[in-house]
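Hello,

Here is the model I promised to pass on. My notes follow below it.

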Amino acid sequence: MLVSWKFHTTLSTAPPCHCRSNRLAAVSLNHTLIIATHRLMPTGELRYAPPPTAMSNSSSGGGFEEEGWLWAQIKAEARRDAESEPALASYLYSTILSHSSLERSLSFHLGNKLCSSTLLSTLLYDLFLNAFSSDPSLSSAAVADLRAARERDPACVSYSHCLLNYKGFLACQAHRVAHLLWGQSRRPLALALHSRIADVFAVDIHPAATIGKGILFDHATGVVVGETAVIGNNVSILHHVTLGGTGKIGGDRHPKIGDGVLIGAGATILGNVKIGEGAKIGAGSVVLIDVPPRTTAVGNPARLVGGKEKPSKHEDVPGESMDHTSFMSEWSDYII
């Protein structure tokens, strides 16, 4: 059955936030929000059509197809949530439903999240949108990160939930813009954006650090990534992880994280060490030397499960499977 519906939203008469301009205002006083006619959906889980099989980096244009599919799901989720929770109607309309693309929605949301009294939301909106427009890889990375959160985190109930509320996702997208600015020698602006990201999201990633796609910063609070660090594709990193240096030494001094790596909560990796593809770093571990591919390092200082000479190797990709504890039976007879 086709239905149409409206939300009548009356805003407070208190003055608006000083960092929001009329240009980015979601609704005006006593304004009626009219959401487009759509098919009535159940209030439970949305039943998605399968995503396109083409990868984001396909030369055949599959990235645009995948982004279009994902954006359609996000808007469908927002309509469903606005219908079930009218208190969020104006927020969902201004942040998602009023925009024509994921890039515009994300630019608007980041602009409002990161603005301050001297760094205006309008300036940030233009900055983010120009970055997304000039470098399509930023959009494909955002799509891959949304997919990563939805598929790896059981607490992620929808794509729109990740887009709106996952500070690890938002910090990563803002960092990519700061990294682009850094590469364009716009370093004062890149550092100013880096500072705001750290202030707002409690995630400290130096603008020069290189990050791949399909990244999940799960919970994200307290993550620190140093200037010369490199993070590969399909990596999952939990809260309070540090990818740091070892002191005052300059130059290339931070960790290199391979594709498919999983780094548990509170782990610290110091120095220009290499974490091999598909490796797993246990929670709370301190890693000071290279970790071979497909192995598990745990403890302080970290040691390889199975021993240095013949370490145990796993077949799965920990950064995607999110398997944190399967090594326990091999590592020790630990009991409580």
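Start with Cys-156. This residue is buried, at a relative accessible area of 1%. Keep in mind that the model is predicted.

Cys-162 is buried too, with 0% relative accessibility. Neither forms a bridge: Cys-156 is in no disulfide, and Cys-162 is in no disulfide. The cysteine sulfur nearest to that of Cys-156 belongs to Cys-162, 4.9 Å away. In total, the structure holds zero disulfides.

Next, a helix pair. H3 spans residues 102–114 and H7 spans residues 167–183. Their axes lie 11 Å apart, at an angle of about 100°. H3 is therefore roughly perpendicular to H7. From H3, the contact uses Leu-106, His-109, Leu-110, Lys-113 and Leu-114. H7 supplies Phe-169, Leu-170, Gln-173 and Ala-174. By type, the residues of this contact are six nonpolar, two polar and one charged.

Now the core. In soluble globular proteins, nonpolar side chains tend to be buried together. The largest nonpolar core here has 78 residues. Leu-193, Phe-217, Ile-231 and Ile-263 touch the most other members. H7 gives this core its largest share, nine residues.

Which residues does Phe-217 contact, leaving aside neighbours within four places in sequence? They are Gly-168, Cys-172, Ile-205, Ile-211, Val-223, Ile-231 and Ile-237. Ile-231 is also one of the core members with the most contacts to other members.

Best wishes

Conventions. Residues numbered from 1 in each chain as written. Predicted model: local features only at pLDDT ≥ 70, side-chain atom pairs only at ≥ 80, totals over all residues. Heavy atoms only, no water. Disulfide = S-S within 2.5 Å. Buried < 20%, exposed > 50% of the residue type's maximum accessible area, 1.4 Å probe, protein only. Axes fitted to C-alpha atoms, helices over the stretch in contact; angles between N-to-C directions. Helix = DSSP H or I, 4+ residues; strand = E, 2+ residues; numbered from the N terminus. Parallel < 35°, antiparallel > 145°, perpendicular 65-115°, else oblique. Contact = heavy atoms within 4.5 Å. Nonpolar A, V, L, I, M, F, W, Y, C, P; charged D, E, K, R; others polar. Core = buried A, V, L, I, M, F, W, Y, C linked by side-chain atoms within 4.5 Å.
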